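Here is a protein model to go through by question and answer. Each answer sets a value against the rule behind it.

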Amino acid sequence: MVKIKQAVFDTGPLIHLHEINKLRLLELFQRILITPEILKECEGIKNSIRELKNLEEKNLSGKNKDLAKYLINRHNLHLGESTGIALCHQELIKLFFTDDLDAKQVAKNLGFESHGTIAIILRSWRNRKLTKKEVKETIEDLYSSSSLFLTSDLKEWVLDEVERFGK
């Protein structure tokens with residue numbers, strides 16, 4: 001399995017993977033960085049998050065706190081999303097994981113590569129941490145048992161793609 005060296009995470013993927021009992025999929029990453037603000041947004045699952053051996057909490061420097069404030073004011077992002085993007089900037093990390101479409105677009109506009117929970121599930125399949133059957137079950141669980149806003153059309157498209165490219 002090829003691990004992803006490092007990425008910054010927003011609250012969404014952490015919560016959504018926890019809701020479907022799949023936090024173990026985060027073993028795909030050598031290093032996951034979050035801000036204290038993101039950890040605070042994970043209040044209900046803080047203990048589970050802290051058990052992740054590859055998780056590192058980082059504070060923002062002064063100028064990156066200013067960047068986070070700017071992103072909140074200019075792009076109407078939430079605190080977790082804005083501090084996550086600012087952390088990417090501060091640590092020179094290209095990968096940002098969020099399930100918020102606006103945050104994904106802002107991150108992309110700033111030169112970062114942004115993905116969400118579904119990408120983690122599909123990458124787990126590609127790295128053989130999940131079978132095709134487990135991927136389909138996980139996507140169904142994500143749709144029915146998590147707080148992720150996932151349309152039925154997107155769910156069906158992902159399941160069709162898994163079937164089409166299945167191993």
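**Pockets and sheet, term by term**

Q: What makes the largest pocket a pocket, and what is its volume?
A: The largest pocket has a volume of about 300 Å³. The search uses a 1 Å grid over the protein atoms alone. A cavity is a set of points where a 1.4 Å probe fits but cannot get out, whereas a pocket is an open set with protein on both sides within 12 Å along at least five of seven lines. Grid points are joined across faces, edges and corners, and the volume is the space filled by probe spheres set on the points.

Q: Which residues line the largest pocket closest to its centre?
A: They are Asp99, Leu101, Leu148, Phe149 and Leu154, out of 16 lining residues. A lining residue has an atom within 4 Å of a point.

Q: Which elements give two or more residues to this lining?
A: Helix 6 (101-109), strand 5 (113-115) and helix 7 (117-126) do. Helix 7 gives the largest share, 3 residues. Helices (H or I, at least four residues) and strands (E, at least two) are DSSP runs, numbered from the N terminus.

Q: How do the classes divide in the lining of the largest pocket?
A: There are 7 nonpolar, 7 polar and 2 charged residues. Ala, Val, Leu, Ile, Met, Phe, Trp, Tyr, Cys and Pro count as nonpolar; Asp, Glu, Lys and Arg count as charged; the others, Gly among them, count as polar.

Q: How far can these values be taken, and what kind of model is this?
A: The model is predicted: local features need pLDDT of at least 70, side-chain atom pairs count only at pLDDT 80 or more, and totals for chains, interfaces and linings use all residues. Residues are numbered from 1 along each chain as its sequence is written, and side-chain values use heavy atoms, with hydrogens and water left out.

Q: What is the volume of the second largest pocket?
A: It is about 210 Å³. Of its 14 lining residues, Ala119, Ile120, Leu122, Arg123 and Arg126 are the closest to its centre. Helix 7 gives the most to this lining, with 6 residues. By class, the lining has 9 nonpolar, 1 polar and 4 charged residues.

Q: How do you know that strand 1 (residues 4-9) and strand 2 (residues 29-34) pair?
A: Two strands pair if DSSP finds at least two bridges between them. Strand 1 and strand 2 are joined by 4 bridges and run parallel, so they pair. Isoleucine 4 stands opposite phenylalanine 29, and valine 8 stands opposite leucine 33.

Q: How many bridges join strand 1 and strand 4 (residues 95-97)?
A: There are 2 bridges, in the parallel sense. Phenylalanine 9 stands opposite phenylalanine 97.

Q: Why are strand 3 (55-57) and strand 5 called edge strands?
A: The open sheet has 5 strands in the order 3-2-1-4-5, with parallel pairing. Strand 3 and strand 5 each have a single partner strand, so one side of each is left without a neighbour in the sheet. The twist averages 30° from one strand to the next.

How values were computed
Axes are lines fitted to C-alpha atoms, for helices over the stretch in contact, and angles run from 0 to 180 degrees between N-to-C directions.
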